[in-house]
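Subject: Structure handover

Hello,

Here is the structure for your files. My notes on it follow below.

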Amino acid sequence: VQDTLNVVLEKDSLICIGESLDLNAIVSGGVVVDYFATWSNGAGNVMSSTVSPVMTTKYIVKISDGCSVIEPEDSVVVSVRDSLKVDHYGDSTICFGNSIDLLATANGGKAADYLFTWNNSLGLGASHNISPLVDTDYQVVLSDGCSDHEDTAVVSIKVREPLSMTKTNDTSICIGESVQLD
């Protein structure tokens with residue numbers, strides 16, 4: 001008499017887009033040499049299957065051994081994080097000599113590991129205070145060490161020309177006379 005055929009899958013998992021995960025059917029009882037696994041969602045007919053879903057997917061495995069009447073099954077949900085997305089608060093115009101804060105925001109991917117990398121020697125970080133002297137485009141790249149693609153955003157900062165005045169030659173006038181200033 002054989003023990004009852006049984007299958008257990010590991011706990012539900014969370015992965016990033018582009019990552020793979022090994023699904024392992026842990027089987028006991030029944031006729032050991034004749035175990036046969038049937039997975040749902042294209043995971044194959046093997047005891048261990050590697051999957052790379054692009055969205056949250058439930059995988060079900062059914063086990064048979066050619067002898068047991070009851071063919072047990074178990075399931076596992078593989079949740080997939082959303083794609084990385086970086087954004088900023090929009091293009092701006094500042095006056096010459098003034099400063100402005102650049103702030104990048106993000107969603108998707110693995111938030112705990114967000115890495116914001118800016119060009120123009122700004123380096124790392126979600127925010128920077130800048131004082132450009134000329135119109136400048138700033139690019140920020142978001143990565144998380146988990147997702148298979150980074151995301152990029154560009155913010156344009158326009159700088160108004162400094163005010164300038166041109167002085168004309170001195171002009172003498174008598175009381176009651178007028179003069180045109182150009």
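A cavity here is a set of points, on a 1 Å grid over the protein atoms alone, where a 1.4 Å probe fits but cannot get out, and its lining residues have an atom within 4 Å of a point. This is a predicted model, in which local features need pLDDT of at least 70 and side-chain atom pairs count only at pLDDT 80 or more, while totals for chains, interfaces and linings use all residues. Residues are numbered from 1 along each chain as its sequence is written, and side-chain values use heavy atoms, without hydrogens and water.

The cavity: the search of the whole structure returns one of 30 Å³ or more. The largest cavity has a volume of about 40 Å³, taken as the space filled by probe spheres set on the points, with grid points joined across faces, edges and corners. Its lining consists of Leu9, Glu10, Lys11, Ser13, Leu21, Asp22, Leu23, Asn24 and Val76. Strand β3 supplies the largest share of that lining, four residues (strands are DSSP E runs of at least two residues, numbered from the N terminus).

The strands around it: β3 (residues 21-24) runs antiparallel to β6, joined by four bridges (two strands pair if DSSP finds at least two bridges between them). Aspartate 22, one of the lining residues, stands opposite threonine 50 in β6.

Regards

Conventions:
On a 1 Å grid over the protein atoms alone, a cavity is a set of points where a 1.4 Å probe fits but cannot get out, and a pocket is an open set with protein on both sides within 12 Å along at least five of seven lines; lining residues have an atom within 4 Å of a point.
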